[in-house]
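Thanks for making time this morning. I would like to walk you through a structure that may be new to you, so please have the sequence and the picture open as I go.

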Amino acid sequence: MSDFRLKVFQSVAKNLSFTKASQELFVSQPAITKHIQELETCYQTRLFDRQGSKISLTEAGELLLKHSEKILDDYKQLEYEMHLLHDEYIGELKLGASTTIAQYVLPPLLANFITKFPQINLSLINGNSRGVEVALQEHRIDLGLVEGIFRLPNLKYTAFLQDELVAVVHTRSKLAVADEILPEELPNIPLVLRERGSGTLDVFERALLQYNLKLSSLNVLMYLGSTESIKLFLEHTDCMGIVSIRSVHKELVAGTLKVVEIKGMPMQREFNFVQLQGQEGGLSQVFMRFAGHHSKSL
């Protein structure tokens, strides 16, 4: 029922590209242009400044984007509540999850969810925790799942699942000799860590502060964008990685990786749902309830 022209405008405004909007909405580029022209005619103003192949929002465009986000969110909530009158769960739910959650927690949960709610159109994007929060603020997703301890005041965080970070080494590494190290030994050990903006790195940095240690004092060989990259890196180097215990279960069972305890430095954390303040209902709530019910099996 929602005005498709607003969806077109929002996609063009977010991507600042007619071509990307065309690809995102599976609509021809001439049709995209036509919808934008109709809106500009309706409001008798330009919505985009065009400079060669680049476009930017005009003041009117910024205003329309602000209101279109609210209008489209209301349409989505309306659709959800109308179908709920008939005990039907129908609609679109766009999720965003940090890398560790997307790779090691969500797959079985998503499979079970779409089996129970086949009429919900579910999609998922992943990135680091900061990227998920930005996507939520830009209305590119409806619900986020993030790791770490960082909090933004305009977002609501709800605890979902407990997790623990561990130090791991390859069993062929010379570092595998030790079962335990002291935090004070960390500056002498080559490390491979997740990138800036990741929840994993946030938690590790916070744990270091207990011992007055900073990242700048450590011997970090590489910052990598995924846990899988870290695990592969460990296969070929004598260094230590800091990862979620959930991400190395198979390798620990297979005996290719080993946990080295950092004595007196626990690295516990929570995985959290994150939503925009004031937009906590709808299909996001359905997914949160479902995930909470199934969390004990994860």
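This is a predicted model: local features need pLDDT of at least 70, side-chain atom pairs count only at pLDDT 80 or more; totals for chains, interfaces and linings use all residues.

Glu180 brings us to strand β7, residues 180-181, which is joined to β11 by two bridges, with the two strands running parallel. Strand β11, which covers residues 257-262, is also joined to strand β6, residues 155-170, this time by four bridges and with the strands antiparallel.

Now to the helices, where α1, residues 4-15, packs with α4, residues 59-84, at an angle of about 125 degrees and with the axes 10 Å apart. That angle is why α1 is described as oblique to α4, and the crossing of α1 past α4 is left-handed. On the α1 side the contact is made by Leu6, Lys7, Phe9, Gln10, Ala13 and Lys14, while α4 contributes Gly61, Leu64, Leu65, Ser68, Glu69, Ile71 and Leu72. Sorted by class, the contact of α1 with α4 has seven nonpolar, three polar and three charged residues.

Finally, please find Leu201, which lies in helix α8, residues 199-209. Is Leu201 buried or exposed? With a relative accessible area of 3%, Leu201 is buried. Setting aside neighbours within four places in sequence, Leu201 is in contact with Leu193, Arg194, Glu195, Arg196, Leu215 and Tyr223. Leu201 and His83, by comparison, are 118 residues apart in sequence and 42 Å apart in space, C-alpha to C-alpha.

Conventions. Residues are numbered from 1 along each chain as its sequence is written. Side-chain values use heavy atoms; hydrogens and water are left out. Axes are lines fitted to C-alpha atoms, for helices over the stretch in contact, and angles run from 0 to 180 degrees between N-to-C directions. Angles under 35 degrees count as roughly parallel, over 145 as roughly antiparallel, 65 to 115 as roughly perpendicular and the rest as oblique. A crossing is left-handed if the near helix is turned anticlockwise from the far one by less than a right angle, and right-handed if clockwise. Contact means heavy atoms within 4.5 Å. Ala, Val, Leu, Ile, Met, Phe, Trp, Tyr, Cys and Pro count as nonpolar, Asp, Glu, Lys and Arg as charged, and the others, Gly among them, as polar. Two strands pair if DSSP finds at least two bridges between them. Buried means under 20% relative accessible area, exposed over 50%, partly exposed in between (1.4 Å probe, protein chains only).
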